[in-house]
Amino acid sequence: MFTSRPDLDEAVDPDRAKDVYKRVYDWFVENGQKGLIADGGAELHPITTATSVKHGDDGPVVVDGPFNEAKEVVGGFSVIEVADMDAAVALTKTWPPLELPGVAVEIRPMVEDYSQFE
Amino acid sequence: VTPNKQPGTDGLLAHTLREEAGVLVARLARQFHDFDLAEEAVQGAVVEALETWRRSGSPDNPGAWLQTAARHNALDLVRRRTRQDALVHRAPAVTPYDAGSATDDRLGLLFACCHPALAQDARLALTLRAVVGMTTPQIARAFLVNERTLAQRIVRAKRKIVTAGIALTVPADEVLAERLCDVLAVIALMYNEGFVSSAGPTQDRDLAGDAVWLAGVVATSLPREAEAWGLVALLTFQHARAAARFSAAGDLVLLPEQDRSRWDHVAIAAGEQMLVRAAELHAPGPFQLRAAIAACHATSPSWAGTDWLQIVTLFDLLARHDPSPVVRLNRAVALSRLGPDHVAEALADVDALADRLEGYHLFHATRAELLSVLGHHDEAADANDRALALTTNVAERRLLTTRLHRRPLEDGS
(Lines give C-alpha, C1' and ligand atoms only; values in the text may rest on other atoms or scores of the structure.)
Protein backbone atom coordinates (compact mmCIF):
# COMPACT_ATOMS: atom_id res chain seq x y z
CA MET A 1 0.00 0.00 0.00
CA PHE A 2 1.46 3.28 -1.10
CA THR A 3 0.84 6.20 1.20
CA SER A 4 1.79 9.84 1.20
CA ARG A 5 0.83 13.16 2.79
CA PRO A 6 -1.25 15.38 0.51
CA ASP A 7 0.05 18.55 2.17
CA LEU A 8 3.65 17.55 1.41
CA ASP A 9 2.74 16.25 -2.06
CA GLU A 10 1.46 19.69 -3.01
CA ALA A 11 4.77 21.25 -2.07
CA VAL A 12 6.75 19.08 -4.51
CA ASP A 13 8.06 20.89 -7.56
CA PRO A 14 5.84 19.87 -10.56
CA ASP A 15 8.81 18.90 -12.74
CA ARG A 16 10.17 16.67 -10.01
CA ALA A 17 6.76 15.12 -9.42
CA LYS A 18 6.53 14.40 -13.16
CA ASP A 19 9.97 12.80 -13.14
CA VAL A 20 9.11 10.57 -10.17
CA TYR A 21 5.81 9.60 -11.79
CA LYS A 22 7.66 8.60 -14.94
CA ARG A 23 10.01 6.41 -12.87
CA VAL A 24 7.03 4.82 -11.14
CA TYR A 25 5.85 3.73 -14.58
CA ASP A 26 9.30 2.33 -15.38
CA TRP A 27 9.32 0.59 -11.99
CA PHE A 28 6.16 -1.34 -12.85
CA VAL A 29 7.48 -2.27 -16.29
CA GLU A 30 10.84 -3.41 -14.97
CA ASN A 31 9.54 -5.39 -11.98
CA GLY A 32 6.63 -6.75 -14.00
CA GLN A 33 9.12 -8.25 -16.44
CA LYS A 34 10.97 -9.81 -13.52
CA GLY A 35 7.73 -11.45 -12.44
CA LEU A 36 7.62 -9.64 -9.09
CA ILE A 37 4.30 -7.83 -9.71
CA ALA A 38 1.39 -10.24 -9.40
CA ASP A 39 -1.20 -7.51 -9.89
CA GLY A 40 -0.48 -3.87 -10.63
CA GLY A 41 -3.35 -3.00 -8.32
CA ALA A 42 -4.71 0.50 -8.62
CA GLU A 43 -3.79 4.13 -8.22
CA LEU A 44 -6.46 6.00 -6.31
CA HIS A 45 -7.86 9.50 -6.91
CA PRO A 46 -7.15 12.06 -4.15
CA ILE A 47 -9.00 11.83 -0.81
CA THR A 48 -11.07 14.89 -1.79
CA THR A 49 -13.03 12.41 -3.92
CA ALA A 50 -13.46 9.88 -1.09
CA THR A 51 -16.81 8.72 0.24
CA SER A 52 -17.06 6.47 3.29
CA VAL A 53 -19.78 4.14 4.43
CA LYS A 54 -19.59 3.78 8.21
CA HIS A 55 -21.28 1.79 10.87
CA GLY A 56 -24.26 3.57 12.40
CA ASP A 57 -26.59 2.39 15.16
CA ASP A 58 -29.52 2.48 12.75
CA GLY A 59 -27.67 0.99 9.85
CA PRO A 60 -24.79 2.08 7.58
CA VAL A 61 -24.29 5.83 7.16
CA VAL A 62 -22.84 7.42 4.03
CA VAL A 63 -20.45 10.31 4.68
CA ASP A 64 -18.16 12.52 2.64
CA GLY A 65 -14.42 12.11 3.13
CA PRO A 66 -11.83 9.47 4.01
CA PHE A 67 -11.97 6.99 6.90
CA ASN A 68 -10.03 8.99 9.42
CA GLU A 69 -8.22 12.18 10.12
CA ALA A 70 -4.72 10.75 9.62
CA LYS A 71 -2.31 12.94 7.71
CA GLU A 72 -1.15 9.98 5.61
CA VAL A 73 -3.48 8.70 2.94
CA VAL A 74 -3.39 5.52 0.90
CA GLY A 75 -2.74 6.44 -2.73
CA GLY A 76 -2.87 2.97 -4.21
CA PHE A 77 -1.80 -0.60 -3.86
CA SER A 78 -0.10 -3.37 -5.78
CA VAL A 79 0.12 -7.10 -5.27
CA ILE A 80 3.66 -8.42 -5.34
CA GLU A 81 4.89 -11.99 -5.52
CA VAL A 82 8.20 -12.52 -3.71
CA ALA A 83 9.96 -15.30 -1.82
CA ASP A 84 10.06 -13.75 1.63
CA MET A 85 10.01 -10.59 3.72
CA ASP A 86 13.57 -9.61 2.82
CA ALA A 87 12.71 -9.76 -0.88
CA ALA A 88 9.59 -7.67 -0.24
CA VAL A 89 11.63 -5.07 1.64
CA ALA A 90 14.31 -5.01 -1.08
CA LEU A 91 11.70 -4.42 -3.80
CA THR A 92 9.86 -1.82 -1.74
CA LYS A 93 13.02 0.16 -1.11
CA THR A 94 13.27 0.79 -4.87
CA TRP A 95 9.78 2.45 -5.04
CA PRO A 96 10.71 5.80 -6.66
CA PRO A 97 8.41 8.15 -4.65
CA LEU A 98 10.24 7.14 -1.43
CA GLU A 99 12.66 9.97 -2.20
CA LEU A 100 9.84 12.43 -1.45
CA PRO A 101 9.09 13.46 2.16
CA GLY A 102 5.99 11.94 3.75
CA VAL A 103 5.91 8.95 1.41
CA ALA A 104 5.65 5.46 2.92
CA VAL A 105 4.91 1.97 1.68
CA GLU A 106 3.16 -0.51 3.92
CA ILE A 107 3.89 -4.19 3.31
CA ARG A 108 1.06 -6.54 4.24
CA PRO A 109 0.95 -10.29 3.74
CA MET A 110 -2.17 -11.44 1.91
CA VAL A 111 -4.49 -14.10 3.26
CA GLU A 112 -4.01 -17.07 1.00
CA ASP A 113 -5.38 -19.91 3.07
CA TYR A 114 -9.14 -20.07 2.68
CA SER A 115 -9.33 -23.72 3.70
CA GLN A 116 -11.70 -22.82 6.54
CA PHE A 117 -14.40 -22.17 3.91
CA GLU A 118 -13.91 -25.48 2.13
CA VAL B 1 34.40 -17.16 25.07
CA THR B 2 34.35 -17.91 28.75
CA PRO B 3 32.13 -20.66 30.00
CA ASN B 4 29.14 -19.74 32.08
CA LYS B 5 30.24 -19.98 35.69
CA GLN B 6 26.86 -20.67 37.17
CA PRO B 7 27.12 -23.47 39.70
CA GLY B 8 24.63 -26.24 40.28
CA THR B 9 22.37 -28.37 38.15
CA ASP B 10 20.27 -25.50 36.85
CA GLY B 11 23.38 -23.92 35.35
CA LEU B 12 24.25 -27.17 33.58
CA LEU B 13 20.68 -27.53 32.39
CA ALA B 14 20.71 -24.00 31.05
CA HIS B 15 23.92 -24.75 29.13
CA THR B 16 22.55 -27.86 27.54
CA LEU B 17 19.29 -26.19 26.65
CA ARG B 18 20.88 -23.21 24.99
CA GLU B 19 23.14 -25.50 22.95
CA GLU B 20 20.25 -27.59 21.69
CA ALA B 21 17.01 -25.60 21.68
CA GLY B 22 17.58 -23.10 18.88
CA VAL B 23 18.97 -25.70 16.52
CA LEU B 24 15.98 -27.95 17.18
CA VAL B 25 13.51 -25.14 16.51
CA ALA B 26 15.15 -24.44 13.16
CA ARG B 27 15.16 -28.10 12.14
CA LEU B 28 11.62 -28.87 13.19
CA ALA B 29 10.43 -25.69 11.46
CA ARG B 30 11.99 -27.00 8.26
CA GLN B 31 10.60 -30.50 8.67
CA PHE B 32 7.08 -29.39 9.52
CA HIS B 33 7.04 -26.22 7.38
CA ASP B 34 5.72 -24.36 10.42
CA PHE B 35 7.90 -22.18 12.62
CA ASP B 36 5.18 -21.44 15.16
CA LEU B 37 4.50 -25.12 15.74
CA ALA B 38 8.21 -25.98 15.94
CA GLU B 39 8.88 -23.25 18.49
CA GLU B 40 5.92 -24.32 20.59
CA ALA B 41 7.03 -27.96 20.49
CA VAL B 42 10.59 -27.16 21.59
CA GLN B 43 9.38 -24.82 24.34
CA GLY B 44 7.28 -27.71 25.64
CA ALA B 45 10.30 -30.02 25.53
CA VAL B 46 12.41 -27.45 27.39
CA VAL B 47 9.84 -27.23 30.16
CA GLU B 48 9.69 -31.05 30.36
CA ALA B 49 13.48 -31.26 30.41
CA LEU B 50 13.74 -28.77 33.26
CA GLU B 51 11.33 -30.86 35.33
CA THR B 52 12.68 -34.29 34.45
CA TRP B 53 16.41 -33.52 34.43
CA ARG B 54 16.25 -31.61 37.67
CA ARG B 55 14.73 -34.70 39.28
CA SER B 56 16.78 -37.47 37.69
CA GLY B 57 19.77 -35.75 36.12
CA SER B 58 20.55 -35.11 32.45
CA PRO B 59 20.33 -38.05 30.04
CA ASP B 60 23.49 -39.30 28.29
CA ASN B 61 22.54 -37.59 25.05
CA PRO B 62 20.51 -34.52 26.02
CA GLY B 63 20.23 -33.38 22.42
CA ALA B 64 18.62 -36.62 21.33
CA TRP B 65 16.32 -36.57 24.39
CA LEU B 66 15.15 -33.05 23.58
CA GLN B 67 14.68 -33.87 19.93
CA THR B 68 12.52 -36.87 20.74
CA ALA B 69 10.42 -34.87 23.20
CA ALA B 70 10.08 -31.91 20.83
CA ARG B 71 9.17 -34.13 17.90
CA HIS B 72 6.58 -35.88 20.00
CA ASN B 73 5.11 -32.50 20.98
CA ALA B 74 5.15 -31.33 17.38
CA LEU B 75 3.22 -34.36 16.17
CA ASP B 76 0.79 -33.87 19.03
CA LEU B 77 0.24 -30.26 18.03
CA VAL B 78 -0.26 -31.23 14.42
CA ARG B 79 -2.90 -33.78 15.38
CA ARG B 80 -4.70 -31.18 17.44
CA ARG B 81 -4.71 -28.69 14.59
CA THR B 82 -7.05 -30.65 12.41
CA ARG B 83 -6.90 -28.27 9.49
CA GLN B 84 -3.23 -29.13 9.19
CA ASP B 85 -3.84 -32.84 8.90
CA ALA B 86 -1.88 -33.01 5.70
CA LEU B 87 1.29 -32.09 7.53
CA VAL B 88 1.37 -35.42 9.38
CA HIS B 89 1.94 -37.10 6.06
CA ARG B 90 4.48 -34.55 4.96
CA ALA B 91 6.61 -34.93 8.10
CA PRO B 92 9.40 -37.46 7.68
CA ALA B 93 8.75 -40.54 9.79
CA VAL B 94 12.13 -41.00 11.46
CA THR B 95 14.85 -38.40 11.79
CA PRO B 96 18.23 -39.58 13.03
CA TYR B 97 19.79 -37.26 15.58
CA ASP B 98 21.92 -34.92 13.51
CA ALA B 99 24.84 -33.10 15.08
CA GLY B 100 26.09 -31.40 11.91
CA SER B 101 25.53 -27.87 10.52
CA ALA B 102 23.89 -26.82 13.78
CA THR B 103 25.33 -23.31 13.60
CA ASP B 104 23.72 -22.53 10.24
CA ASP B 105 20.33 -23.63 11.51
CA ARG B 106 20.65 -21.61 14.69
CA LEU B 107 21.95 -18.55 12.87
CA GLY B 108 19.07 -18.46 10.39
CA LEU B 109 16.63 -18.69 13.27
CA LEU B 110 18.42 -15.89 15.10
CA PHE B 111 18.21 -13.61 12.05
CA ALA B 112 14.47 -14.27 11.82
CA CYS B 113 13.91 -13.52 15.53
CA CYS B 114 15.80 -10.21 15.21
CA HIS B 115 14.13 -9.16 11.95
CA PRO B 116 13.46 -5.40 11.73
CA ALA B 117 9.85 -6.15 10.74
CA LEU B 118 9.24 -7.41 14.30
CA ALA B 119 8.45 -5.08 17.19
CA GLN B 120 11.63 -4.07 18.98
CA ASP B 121 10.58 -5.41 22.38
CA ALA B 122 9.50 -8.73 20.88
CA ARG B 123 12.87 -9.42 19.22
CA LEU B 124 14.79 -10.02 22.42
CA ALA B 125 11.99 -12.01 24.06
CA LEU B 126 11.59 -14.25 21.03
CA THR B 127 15.36 -14.72 20.71
CA LEU B 128 15.59 -15.81 24.33
CA ARG B 129 12.80 -18.33 23.90
CA ALA B 130 13.43 -19.73 20.44
CA VAL B 131 17.22 -19.44 20.14
CA VAL B 132 18.53 -19.60 23.70
CA GLY B 133 15.94 -22.04 25.06
CA MET B 134 14.60 -19.97 27.94
CA THR B 135 11.05 -20.49 29.16
CA THR B 136 8.47 -17.72 29.21
CA PRO B 137 8.42 -17.56 33.06
CA GLN B 138 12.23 -17.28 33.12
CA ILE B 139 12.14 -14.40 30.62
CA ALA B 140 9.33 -12.68 32.51
CA ARG B 141 11.34 -12.88 35.75
CA ALA B 142 14.50 -11.54 34.09
CA PHE B 143 12.68 -8.50 32.71
CA LEU B 144 10.25 -8.05 35.59
CA VAL B 145 7.33 -8.11 33.19
CA ASN B 146 3.96 -9.76 33.44
CA GLU B 147 4.10 -13.32 32.13
CA ARG B 148 0.87 -13.08 30.17
CA THR B 149 1.84 -9.83 28.48
CA LEU B 150 5.15 -11.36 27.53
CA ALA B 151 3.53 -14.53 26.20
CA GLN B 152 1.20 -12.45 24.02
CA ARG B 153 4.11 -10.44 22.68
CA ILE B 154 5.91 -13.65 21.74
CA VAL B 155 2.83 -15.16 20.10
CA ARG B 156 2.28 -12.02 18.02
CA ALA B 157 5.91 -12.00 16.85
CA LYS B 158 5.82 -15.70 15.97
CA ARG B 159 2.65 -15.27 13.92
CA LYS B 160 4.22 -12.39 12.07
CA ILE B 161 7.24 -14.49 11.18
CA VAL B 162 4.92 -17.10 9.70
CA THR B 163 2.35 -14.88 7.94
CA ALA B 164 4.69 -12.14 6.72
CA GLY B 165 7.14 -14.64 5.27
CA ILE B 166 10.18 -13.84 7.38
CA ALA B 167 12.66 -16.51 6.31
CA LEU B 168 14.56 -18.62 8.86
CA THR B 169 17.76 -18.18 6.91
CA VAL B 170 20.92 -16.10 6.95
CA PRO B 171 20.10 -13.09 4.74
CA ALA B 172 21.54 -12.56 1.27
CA ASP B 173 24.91 -10.79 1.03
CA GLU B 174 23.39 -7.44 -0.07
CA VAL B 175 21.47 -7.05 3.17
CA LEU B 176 23.64 -9.12 5.52
CA ALA B 177 25.50 -6.17 7.06
CA GLU B 178 22.29 -4.26 7.74
CA ARG B 179 20.46 -7.28 9.19
CA LEU B 180 23.52 -8.25 11.25
CA CYS B 181 23.35 -4.82 12.94
CA ASP B 182 19.88 -5.70 14.23
CA VAL B 183 21.06 -9.10 15.48
CA LEU B 184 24.06 -7.63 17.28
CA ALA B 185 21.88 -4.92 18.84
CA VAL B 186 19.57 -7.57 20.31
CA ILE B 187 22.51 -9.53 21.77
CA ALA B 188 24.02 -6.34 23.23
CA LEU B 189 20.64 -5.53 24.81
CA MET B 190 20.44 -9.06 26.17
CA TYR B 191 23.83 -8.64 27.84
CA ASN B 192 22.90 -5.26 29.31
CA GLU B 193 19.66 -6.60 30.73
CA GLY B 194 21.59 -9.46 32.34
CA PHE B 195 24.32 -7.12 33.53
CA VAL B 196 21.94 -4.73 35.25
CA SER B 197 19.66 -7.36 36.76
CA SER B 198 22.58 -9.33 38.19
CA ALA B 199 22.11 -7.09 41.22
CA GLY B 200 18.69 -8.58 41.72
CA PRO B 201 17.69 -11.90 43.22
CA THR B 202 19.40 -15.07 42.03
CA GLN B 203 18.24 -16.08 38.62
CA ASP B 204 17.92 -19.54 37.19
CA ARG B 205 19.45 -18.32 33.94
CA ASP B 206 22.61 -16.27 33.49
CA LEU B 207 21.40 -13.84 30.84
CA ALA B 208 24.73 -12.03 30.53
CA GLY B 209 26.63 -15.30 30.14
CA ASP B 210 24.11 -16.49 27.55
CA ALA B 211 24.64 -13.24 25.61
CA VAL B 212 28.43 -13.73 25.56
CA TRP B 213 27.86 -17.26 24.28
CA LEU B 214 25.43 -16.14 21.57
CA ALA B 215 27.76 -13.35 20.42
CA GLY B 216 30.46 -16.05 20.12
CA VAL B 217 28.15 -18.24 18.03
CA VAL B 218 27.50 -15.34 15.64
CA ALA B 219 31.16 -14.35 15.29
CA THR B 220 32.41 -17.88 14.65
CA SER B 221 29.58 -18.53 12.17
CA LEU B 222 30.23 -15.28 10.27
CA PRO B 223 34.02 -14.99 10.65
CA ARG B 224 34.31 -12.25 7.98
CA GLU B 225 32.08 -9.84 9.92
CA ALA B 226 34.28 -7.47 11.92
CA GLU B 227 31.45 -6.06 14.05
CA ALA B 228 30.43 -9.56 15.14
CA TRP B 229 33.97 -10.04 16.50
CA GLY B 230 33.76 -6.55 17.98
CA LEU B 231 30.63 -7.40 19.94
CA VAL B 232 31.88 -10.72 21.29
CA ALA B 233 35.15 -9.02 22.30
CA LEU B 234 33.25 -6.23 24.05
CA LEU B 235 30.99 -8.60 25.96
CA THR B 236 33.92 -10.86 26.84
CA PHE B 237 35.81 -7.95 28.41
CA GLN B 238 32.75 -6.77 30.32
CA HIS B 239 31.90 -10.26 31.51
CA ALA B 240 35.49 -10.88 32.59
CA ARG B 241 35.09 -8.07 35.12
CA ALA B 242 31.66 -9.14 36.32
CA ALA B 243 32.83 -11.03 39.42
CA ALA B 244 34.47 -7.89 40.82
CA ARG B 245 31.39 -5.69 40.33
CA PHE B 246 29.78 -6.57 43.62
CA SER B 247 31.14 -6.71 47.13
CA ALA B 248 30.42 -9.59 49.49
CA ALA B 249 27.59 -7.43 50.88
CA GLY B 250 26.06 -7.08 47.42
CA ASP B 251 27.08 -3.45 46.97
CA LEU B 252 28.06 -2.21 43.54
CA VAL B 253 31.84 -1.76 43.26
CA LEU B 254 32.88 0.68 40.55
CA LEU B 255 35.93 0.28 38.35
CA PRO B 256 38.42 2.37 40.37
CA GLU B 257 37.87 0.25 43.50
CA GLN B 258 37.51 -3.12 41.82
CA ASP B 259 39.92 -5.87 42.84
CA ARG B 260 41.60 -6.51 39.49
CA SER B 261 42.93 -9.88 40.62
CA ARG B 262 39.31 -11.07 40.61
CA TRP B 263 38.96 -10.32 36.92
CA ASP B 264 39.03 -13.31 34.57
CA HIS B 265 42.39 -12.75 32.90
CA VAL B 266 42.07 -15.79 30.67
CA ALA B 267 38.87 -14.31 29.26
CA ILE B 268 40.53 -10.91 28.86
CA ALA B 269 43.34 -12.49 26.81
CA ALA B 270 40.70 -14.24 24.69
CA GLY B 271 38.92 -10.90 24.21
CA GLU B 272 42.14 -9.35 22.94
CA GLN B 273 42.47 -12.16 20.38
CA MET B 274 38.93 -11.47 19.18
CA LEU B 275 39.72 -7.80 18.82
CA VAL B 276 42.79 -8.68 16.74
CA ARG B 277 40.63 -10.85 14.47
CA ALA B 278 38.20 -7.94 14.07
CA ALA B 279 41.00 -5.49 13.27
CA GLU B 280 42.38 -7.81 10.57
CA LEU B 281 39.15 -7.39 8.64
CA HIS B 282 39.74 -3.62 8.26
CA ALA B 283 36.13 -2.64 8.77
CA PRO B 284 35.98 -0.56 11.96
CA GLY B 285 32.63 -0.06 13.62
CA PRO B 286 31.01 0.98 16.90
CA PHE B 287 31.20 -2.40 18.65
CA GLN B 288 34.89 -2.75 17.84
CA LEU B 289 35.59 0.73 19.19
CA ARG B 290 33.61 0.03 22.35
CA ALA B 291 35.55 -3.21 22.69
CA ALA B 292 38.83 -1.34 22.26
CA ILE B 293 37.81 1.03 25.05
CA ALA B 294 36.85 -1.92 27.26
CA ALA B 295 40.22 -3.50 26.42
CA CYS B 296 42.03 -0.38 27.67
CA HIS B 297 40.38 -0.85 31.04
CA ALA B 298 40.65 -4.63 31.12
CA THR B 299 44.38 -4.67 30.39
CA SER B 300 45.37 -1.72 32.56
CA PRO B 301 47.31 -2.86 35.65
CA SER B 302 45.59 -0.26 37.83
CA TRP B 303 43.08 2.56 37.81
CA ALA B 304 45.87 5.14 38.06
CA GLY B 305 47.72 3.53 35.15
CA THR B 306 44.76 3.76 32.73
CA ASP B 307 45.65 5.15 29.30
CA TRP B 308 43.07 7.97 29.24
CA LEU B 309 44.49 9.65 26.16
CA GLN B 310 43.94 6.45 24.19
CA ILE B 311 40.39 6.22 25.56
CA VAL B 312 39.56 9.82 24.62
CA THR B 313 40.86 9.13 21.10
CA LEU B 314 38.75 5.99 20.83
CA PHE B 315 35.67 7.90 21.98
CA ASP B 316 36.34 10.49 19.26
CA LEU B 317 36.37 7.70 16.68
CA LEU B 318 33.27 6.15 18.21
CA ALA B 319 31.43 9.49 18.02
CA ARG B 320 31.83 9.38 14.23
CA HIS B 321 29.83 6.15 14.12
CA ASP B 322 27.53 6.96 16.98
CA PRO B 323 27.12 10.71 17.60
CA SER B 324 24.73 10.10 20.50
CA PRO B 325 24.85 12.35 23.60
CA VAL B 326 25.71 9.35 25.81
CA VAL B 327 28.91 8.75 23.82
CA ARG B 328 29.77 12.44 24.20
CA LEU B 329 29.08 12.20 27.93
CA ASN B 330 31.46 9.26 28.26
CA ARG B 331 34.09 11.04 26.23
CA ALA B 332 33.85 14.00 28.60
CA VAL B 333 34.36 11.70 31.60
CA ALA B 334 37.50 10.24 30.00
CA LEU B 335 38.71 13.75 29.15
CA SER B 336 38.37 14.83 32.79
CA ARG B 337 40.79 12.00 33.75
CA LEU B 338 43.58 13.42 31.62
CA GLY B 339 44.44 15.81 34.41
CA PRO B 340 43.17 18.74 36.52
CA ASP B 341 43.50 21.14 33.55
CA HIS B 342 40.86 19.21 31.63
CA VAL B 343 38.10 19.05 34.24
CA ALA B 344 36.54 22.46 33.49
CA GLU B 345 36.54 21.69 29.76
CA ALA B 346 34.92 18.31 30.46
CA LEU B 347 32.22 19.97 32.58
CA ALA B 348 31.48 22.45 29.79
CA ASP B 349 31.12 19.51 27.34
CA VAL B 350 28.76 17.78 29.75
CA ASP B 351 26.68 20.92 30.34
CA ALA B 352 26.24 21.29 26.59
CA LEU B 353 24.29 17.99 26.64
CA ALA B 354 21.80 19.20 29.26
CA ASP B 355 18.72 19.52 27.07
CA ARG B 356 19.18 16.01 25.66
CA LEU B 357 20.23 14.12 28.79
CA GLU B 358 18.13 15.88 31.42
CA GLY B 359 16.30 12.61 32.25
CA TYR B 360 19.40 10.40 32.37
CA HIS B 361 20.72 9.70 35.87
CA LEU B 362 24.34 9.31 34.78
CA PHE B 363 24.29 12.80 33.25
CA HIS B 364 23.60 14.25 36.70
CA ALA B 365 25.98 11.82 38.42
CA THR B 366 28.77 12.91 36.05
CA ARG B 367 28.03 16.58 36.68
CA ALA B 368 28.06 15.90 40.41
CA GLU B 369 31.48 14.33 40.18
CA LEU B 370 33.05 17.04 38.01
CA LEU B 371 31.53 19.84 40.11
CA SER B 372 32.90 18.22 43.22
CA VAL B 373 36.41 17.96 41.74
CA LEU B 374 36.19 21.69 40.92
CA GLY B 375 35.17 22.42 44.51
CA HIS B 376 31.53 23.44 43.81
CA HIS B 377 30.16 21.24 46.56
CA ASP B 378 26.62 22.66 46.84
CA GLU B 379 25.98 22.32 43.12
CA ALA B 380 27.53 18.84 43.24
CA ALA B 381 25.12 17.79 46.00
CA ASP B 382 22.14 19.09 43.98
CA ALA B 383 23.26 17.16 40.91
CA ASN B 384 23.71 14.01 42.99
CA ASP B 385 20.16 14.39 44.30
CA ARG B 386 18.87 14.67 40.73
CA ALA B 387 20.80 11.51 39.79
CA LEU B 388 19.39 9.65 42.77
CA ALA B 389 15.83 10.71 41.94
CA LEU B 390 16.23 9.24 38.45
CA THR B 391 17.75 5.88 39.44
CA THR B 392 15.56 2.82 39.81
CA ASN B 393 18.18 0.08 40.06
CA VAL B 394 18.62 -0.94 43.71
CA ALA B 395 22.41 -1.35 43.68
CA GLU B 396 22.93 1.94 41.87
CA ARG B 397 20.63 3.75 44.27
CA ARG B 398 22.52 2.40 47.24
CA LEU B 399 25.77 3.63 45.76
CA LEU B 400 24.42 7.13 45.11
CA THR B 401 22.95 7.27 48.57
CA THR B 402 26.21 6.46 50.30
CA ARG B 403 28.47 8.72 48.27
CA LEU B 404 28.91 10.51 44.99
CA HIS B 405 28.74 8.31 41.95
CA ARG B 406 32.40 8.46 41.12
CA ARG B 407 32.77 6.69 37.86
CA PRO B 408 29.78 6.77 35.57
CA LEU B 409 31.42 5.47 32.37
CA GLU B 410 29.14 3.12 30.45
CA ASP B 411 31.75 0.39 30.74
CA GLY B 412 33.02 1.53 34.08
CA SER B 413 31.05 -0.41 36.63
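Mentor: A salt bridge here is a side-chain nitrogen of Lys or Arg within 4 Å of a carboxyl oxygen of Asp or Glu, and with that cut-off this predicted model holds 26 salt bridges over all chains.

Trainee: Which residue does B:Arg337 form a salt bridge with?

Mentor: The partner of B:Arg337 is B:Glu369, with the closest N and O atoms 3.0 Å apart. This pair links distant parts of the chain, since B:Arg337 lies in the loop between helix 15 and helix 16 of chain B while B:Glu369 sits in helix 18 (residues 361-373), 32 residues apart.

Trainee: And is B:Glu369 buried or exposed?

Mentor: B:Glu369 is buried, at a relative accessible area of 8%, whereas B:Arg337 counts as partly exposed at 23%.

Trainee: What about B:Arg79 and B:Asp76, how far apart are they in helix 3?

Mentor: They are three residues apart in helix 3 (residues 62-80) of chain B, which means a separation of about one helical turn, and their side chains meet in a salt bridge at 3.7 Å, N to O.

Trainee: Switching to chain A, how many helices and strands does it have?

Mentor: Chain A has three helices and six strands, running β-α-α-β-β-β-β-α-β from the N terminus on.

Methods
Residues are numbered from 1 along each chain as its sequence is written. Chains are lettered from A and ligands numbered from 1 in the order in which they are written. This is a predicted model: local features need pLDDT of at least 70, side-chain atom pairs count only at pLDDT 80 or more; totals for chains, interfaces and linings use all residues. Side-chain values use heavy atoms; hydrogens and water are left out. Helices (H or I, at least four residues) and strands (E, at least two) are DSSP runs, numbered from the N terminus. Buried means under 20% relative accessible area, exposed over 50%, partly exposed in between (1.4 Å probe, protein chains only).
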